[in-house]
Amino acid sequence: MKTPSLSLIAGAAALAAVTAFAALTAPDGTADAGPAKAAARLPVERTSLLCPSPGLSPLAETTYTAFTPAGGSGGPAGSADLHKSASADLDDGKKDDGKKGDGKKDDGKDKEKKDAPGKPVVALEEPGKPVTAEASGAGSPALVGTATGRLAPGWAAQETTVVEAGAGRGLLGVSCTAPDTGFWIPAASTAKSREDYVHLTNPDDTAAVADIELYGPEGSLKSDVGEGITVPARSSVPVLISTLTSQAADDVTVHVTTRTGRVAAVVRASDETAGSDWLSASTGPTDTLVLPGIPSDATSVRLVAFAPGDDDADLKVRLLGKTGAISPVGHDSLHVKSRMTASVDLKDLTKGEAGSLLLTPVRSGKRTPVVAALQVVRGSGDKQEIAYIPATGPVGERATVADNRDKGSTLSLTAPTADATVKVTASAGSKGGEQTVKKYTVKAGTTLAVTPPVPSGLKGGYALTVETESGGPVHAARTLALPKGGIPMFTVQTLPDDRSTVEVPAARQDLSVLDE
């Protein structure tokens, strides 16, 4: 769930109030009956992103990548910096087990250190060219960042970690998250075979207080310690969700809300046999969901859904493949009871052909909001690898995934309702190379999986930006595959609209007359 930063929302609200007054009141105090002007869309001027701490394993090798698309409007140059979280500075990289939620009490001794962010870990200097940084070991920090000016619209960042062996091995990728006050995260687990942490990161200068609710197949999982978790200013707190309840459940929906402040929330899911990856929040709740980017060689696909309202949901399940939509045999629908997590094992439903899942109401007259995610496995036996695909919104005007390599990327594009054309831009490389642009047409009801364009003369990594040019909505996901030791390691990131613009109401009345 990604939203514009709080300062932007406040500014837009204030401007809306001013323009509303101007639209309704003439200089002499009488009502103005003139026609309303269309609202304008303006580039955002400030946005925030938060990257969770990738640590736990001393073998972890992490790449942070930041990027802003080129082609934005003029304005102040601005900045786009990702700094270590205050918790990383104070704890000196030591792991917080998250069992108490709020870590060490802030006694004020390190206030000066907390108040001064120090040198950024990743500092973007110009649109159109990504910047990367590397970190090793369990002490790799969570990052807190803000972009302003010309670097704010479309600013994206990704954290990619490789753990080749041991606990939590796998390829873990996550698009750094904008702060918000609520997140729904299906497909977590409190089973003994899993070790899932929800990472809460606070971007602001005052502490946030968060609540974590867990819902299993039978409803709410009782917990007395998931309430009132303090996340200190500009800090990150990992919470092991199995310590929040005594009930073990294979499929759990995590609901994070804040009482005060904002956080970013994402789950680091680790399975003792299938590896680990990040699990991001689902879009919604809404009655129709798209989960794009199921790999062609998936050996297991598990759908997890949750209906947070008072009504049960009956969902039609369809796979959008290369040539059209099909209903999985024996699993063409899913019943989701109110406030209970439902799941279904779809097995190897792609059968060699990449696809996307579309969830719609069985009856058009009953449109119950839901959230959902997929747990996807490639490989078998001791060579399995796990990844997660949350339901995501459409690309909209533009969306970006920041970290791509010269090999291993697959871009999945799905158009659930109508034909669509998109433009895909491979940015300049982080260490050299020129951007490349290619257009694709996606037929209605299908998924198009392609090897995306690569910058000419590429050195380093690059970003992929997708823009809708015509037709219906397009949903997208990028799969990054980096096999290690015979294990098909992979991670999937969705590409929702980057919300690089905000709608600002226009005034009917020319305010300049008020100065005369």
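Student: What should I know before starting?
Tutor: Residues are numbered from 1 along each chain as its sequence is written, and side-chain values use heavy atoms, with hydrogens and water left out. As the model is predicted, local features need pLDDT of at least 70 and side-chain atom pairs count only at pLDDT 80 or more, while totals for chains, interfaces and linings use all residues.

Student: Where is Thr465 placed?
Tutor: Thr465 belongs to strand E35, residues 462–471 (strands, E, are DSSP runs of at least two residues, numbered from the N terminus).

Student: Is Thr465 buried or exposed?
Tutor: Thr465 is buried, at a relative accessible area of 5% (buried means under 20%, exposed over 50%, partly exposed in between, with a 1.4 Å probe and protein chains only).

Student: Now the sheet: what is the order of its four strands?
Tutor: The order in this open sheet is E24-E20-E26-E27, with antiparallel pairing (two strands pair if DSSP finds at least two bridges between them).

Student: Which strands stand at the edges?
Tutor: Strands E24 (341–347) and E27 (385–390) do; each has a single partner strand, so one side of each is left without a neighbour in the sheet.

Student: How many bridges join E26 to E27?
Tutor: Six bridges join strand E26, residues 371–378, to E27. Arg378 stands opposite Glu385 in E27.

Student: And where is Thr243 found?
Tutor: Thr243 lies in the loop between strand E15 (236–240) and strand E16 (252–260). Thr243 is partly exposed, at 30% relative accessibility.
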